[in-house]
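Work through these exercises with the structure open beside you. Try each task before reading its solution.

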Amino acid sequence: MLYPEEFDVIVVGGGHAGTEAALAAARMGAKTLLLSHNIETLGQMSCNPSIGGIGKGHLVREVDALGGAMAIATDEAGIQFRILNSSKGPAVRATRAQADRVLYKAAIRHRLENQPNLSLFQQAVDDLMIEGDHVVGAVTQVGIAFKARTVVLTAGTFLDGRIHVGLDNYQAGRAGDPPAIRLSARLKELKLPQGRLKTGTPPRLDGRSIDFSKCTEQPGDGMPGGATDTMPVFSFMGRPDMHPRQMACWVTHTNARTHDIIRSGFDRSPMFTGKIDGIGPRYCPSVEDKINRFADKDSHQIFLEPEGLTTNEYYPNGISTSLPFDVQYELVRSMAGLENAHILRPGYAIEYDYFDPRELKSNFETRSIQGLFFAGQINGTTGYEEAAAQGLFAGINAALKCRDEAPWLPGRDEAYLGVLVDDLITKGVTEPYRMFTSRAEFRLQLREDNADMRLTEAGRQLGLVGDLQWDAFSRKRDAVSRETQRLRSTWVNPRSLPASESERVLGKPIEREYNLGDLLRRPDVSYAALMSLDGGKYEAKQTLGAAEIEQIEIAAKYSGYIDRQHDEVQRASHFEKLKLPEDFDYGQVTALSFEVRQKLSKHRPETLGLASRISGVTPAAISLLMVHLRKGG
Ligand code: FAD
């Protein structure tokens, strides 16, 4: 049956990429349909019930600054929050939250069901409708054909998914969900370049069978015994009172016996016996991989993380495994506190198809099929946060394509989202890609705390940011700007400042006039201390919140570094956005090496900046190309 209504954007898949893609496209006014296997699993966390962390938290805040759902849903569902790296510089500080799985899904679903311009439909998609080199819709399992101008595919780990537990394996999208076999075959028929990757998950434990008295408690921030009294929030619109009841995590350890048990299963491990070909995430390895690679380490920390307020299920973070169940049973029971632990669900690995993201244009549209966009794990990434950010990006660009407008492409100096997209389309992946702060060369300016300052205006212009968020952001931006101005134009005269006051706040008397902005740049002078100077004589008239004060302090303290980085960005930008014509004949630039000419002809980068990040394309080659372009080719 041909469905009677037509859509601007069809999103296939209701995971983290798909839900953000659908919400973004619909917020921008595109008539959007979200097609997914099962409405009950919208926003499902396939693995760890946690959001954020270093690099990942940065992406979540960017999604939030652009009006996305992940951060605010986490505020509504988070049962433990922590600020990681809190004693380090602001660029690497990151929020991490433990979420209640059920509450998280409910928060996402509530947003999807109440989003104007968005319809949901439960069915597996088996086929894509293609006319010439354009996608024109998607066909479901029972033959319902939905027409659309663009399709965003976010099938996650489901394409030809195969689960492994020991030497047993079966087809599935993740435990309990069907795989997408027909769609995978159809994509192969379309000759989109693809490969296999794998990921894994630990066995889940029944909390009633854990002896927590033998484990170390790890409370979150803002909880009794936590690292700070301040309760973190994820979203710029979040408030601590949105959080449900908070819970502690627990820590236990593997030991020599655990490691022996794990080694005893190597001969039945699908990883070590060649049953699994796909490459797994290097930074989230299985426990057998850790024991094999770091043979000299005799213990690893295992975090026991609650999965929610209404369940006894615990996620033992650190023992992801695809070893046979009998080995899983023994290895779990070898650890302190887990001697009698009951496994509720076995751990497993899953292998799945991914598509080479170097075959995507910079807006995530496939090069060979117009209107077809890919986002999320299908592009070779791992993680909810990476998926959500890509989904939002693809949703925006699909909506823009429907309006015949130019794509929205944040730069590497503007957002982690820019770094993520750029890395994927220029370098591709050899293993599941996850975000780190070290991937961002301009990380001093790409902080969690200023994601709104970097992106909310763009989000508003794109139609992503609602009035409530925009008003809150505008008030914050204006307050920061007014106060920064005031600090720069308020002078402290050494003659009128009592020496005792000067010593108390500034460490020693000042020898000349300084403005408050300059004094705040000093490492030991906080904003609060400055405002207390001389009986509060220099206090602001306006009331400032913690977030505004944080912006003012970071901007002052790091201004030297930030200015230097800004100069670097300016220097790099002279070639970053220089366009390379689509039909550019690299063969005629004979001064380039044969290898570089071949690579550029194959990848056809859209700009000189993208060309510079293709592996093997040297700075010398970029200079040659620049000269060639300036001469008019
Ligand atoms: P998914 O969350 O997989 O969502 C895909 C969605 O598409 C689902 O809703 C599915 O029903 C739907 N779908 C698929 N095919 C079709 C179709 N043909 N028709 C209709 N709907 C379809 N990440 C980490 O960061 N660390 C880890 O340790 C980790 N371990 C993992 C372990 C396992 C076993 C799994 C399965 C995942 C793990 N992940 C891990 C990855 C994390 O779950 C994903 O990165 C993230 O969920 C990807 O989001 P996504 O939206 O791209 O895809």
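**Exercise 1: an open sheet**

Task: find the strand order of the three-stranded open sheet and the sense of its pairing.

Solution. Three strands make up this open sheet, in the order 3-5-4, and they pair in the antiparallel sense. Strands here are DSSP E runs of at least two residues, helices are H or I runs of at least four, and both are numbered from the N terminus. Two strands pair if DSSP finds at least two bridges between them. Strand 3 (50-52) and strand 4 (78-84) are at the edges, each with a single partner strand, so one side of each has no neighbour in the sheet. On average, neighbouring strands of this sheet are turned by 15 degrees against each other, direction ignored. The axes behind such angles are lines fitted to C-alpha atoms, for helices over the stretch in contact, and angles run from 0 to 180 degrees between N-to-C directions.

The model is predicted: local features need pLDDT of at least 70, side-chain atom pairs count only at pLDDT 80 or more, and totals for chains, interfaces and linings use all residues. Residues are numbered from 1 along each chain as its sequence is written.

**Exercise 2: strand 5**

Task: list the bridges of strand 5, then decide whether its faces are covered or open.

Solution. Step one: the partners.
- Strand 3 and strand 5 (residues 94-99) pair over three bridges.
- Ser50 stands opposite Gln98, and Ile51 has Ala97 as its bridge partner.
- Strand 4 and strand 5 pair over six bridges.
- Ile83 stands opposite Thr95.

Step two: the faces. A residue is buried if 20 or more other C-beta atoms, placed from the backbone, lie within 10 Å of its own; it is exposed at 12 or fewer, and partly exposed in between. Ala94, Arg96 and Gln98 are buried on one side, and Thr95, Ala97 and Ala99 on the other. Six of the six residues of strand 5 are buried, so the rest of the structure largely encloses this strand.

**Exercise 3: the nonpolar cores**

Task: which residues have the most contacts inside the largest nonpolar core?

Solution. A nonpolar core is a set of buried Ala, Val, Leu, Ile, Met, Phe, Trp, Tyr and Cys residues joined through C-beta atoms within 7 Å. The largest has 106 residues, and Val9, Ile10, Ala21, Ala25, Val151 and Val152 have the most contacts inside it. Helix 9 gives the largest share, 11 residues. Apart from this core lies another, of 22 residues, including Trp250 and Met335.
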